[in-house]
Amino acid sequence: MRVISTATCAAVAGLILLAGCSGKKADGEGNATTTAAAGGETTAPAAAAGEGPKPGLWEISVSAAGMPQAVKTSVCVGEPAPGANPFAPPPQPGQNCSKSNFTKTAGGYSIDMECSMNGMTVSTTGEVTGDFTSSYKTVMKTKVSGANVPAAAQAETTSTADAKYVGACPAGMK
């Protein structure tokens with residue numbers, strides 16, 4: 001039996017959050033949600049106008065070392081919230097981020113984050129590239145450390161998310 005490390009799980013969760021960047025539902029009333037293959041939902045932050053993923057339905061495939069197969073999810077991205085960072089994940093209760101840098105680059109964004117919570121520190125660097133209208137790719141290196149993290153789970157993990165625009169969001173999906 002293969003065990004997926006804490007770092008891999010953190011990296012995959014981060015990529016899914018980064019993938020679903022929207023501040024409003026497709027109907028313009030609130031937050032967008034990410035519907036994972038397992039049926040879960042995650043709220044994600046808004047995209048800045050013209051800089052984040054095109055509003056609509058996106059299919060995302062996330063992979064990382066140690067994962068037996070890619071995790072696939074569908075995300076309904078809504079209209080952007082004014083002034084919001086297109087790839088900053090929403091803060092979690094009890095989370096303290098000493099670094100949260102999302103820098104616009106010629107091809108997309110550069111990511112450099114370090115957040116602590118529950119005795120763990122998650123350090124992430126990466127790039128988000130693409131045209132954001134038909135596709136984009138996120139590649140992140142994540143390291144989890146801290147007293148509550150077993151030594152074997154403290155290795156750096158590289159994760160990749162490939163996103164493809166599918167079309168308009170289905171009527172019942174927000």
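Start with the largest nonpolar core of this predicted model, which has 17 residues. Select Trp58, Ile60, Ile111, Val128 and Tyr136: these touch the most other members of the core. Next, colour the strands that supply two or more residues to it: β3 (56-64), β4 (71-77), β6 (108-117), β8 (135-145) and β9 (157-167). Among these elements, β6 makes the biggest contribution, with four residues.

**Trp58 and Tyr136**

Now turn to the aromatic rings. The structure has four aromatic pairs. For one of them, select Trp58 and Tyr136 and show their side chains; the rings form a tilted pair, with 5.1 Å from centre to centre and 55 degrees between the planes. In the chain these residues are 78 residues apart, with Trp58 in strand β3 and Tyr136 in strand β8, and the pair links distant parts of the chain. Both Trp58 and Tyr136 are buried.

**Trp58 and Tyr165**

How are the planes of Trp58 and Tyr165 set to each other? They stand at 75 degrees, with the ring centres 5.5 Å apart, so this pair is edge-to-face. This pair also links distant parts of the chain: Trp58 belongs to strand β3 and Tyr165 to strand β9, 107 residues apart.

Switch to a surface view and look at these two residues in turn. Is Trp58 buried or exposed? Its relative accessible area is 0%, so Trp58 is buried. Tyr165 has a relative accessible area of 25% and is therefore partly exposed.

**Confidence along the chain**

Finish by colouring the chain by pLDDT. The average over the chain is 74, and 70% of the residues score at least 70. Then select residues 1-49. Over this stretch pLDDT stays under 50, although the model has 146 contacts beyond four places in sequence for these residues. Where pLDDT is low, predicted coordinates should not be read in detail.

Note on methods: Residues numbered from 1 in each chain as written. Predicted model: local features only at pLDDT ≥ 70, side-chain atom pairs only at ≥ 80, totals over all residues. Heavy atoms only, no water. pLDDT = per-residue confidence, 0-100. Contact = heavy atoms within 4.5 Å. Core = buried A, V, L, I, M, F, W, Y, C linked by side-chain atoms within 4.5 Å. Buried < 20%, exposed > 50% of the residue type's maximum accessible area, 1.4 Å probe, protein only. Phe/Tyr/Trp six-rings, centres within 6.5 Å; stacked < 30°, edge-to-face > 60°.
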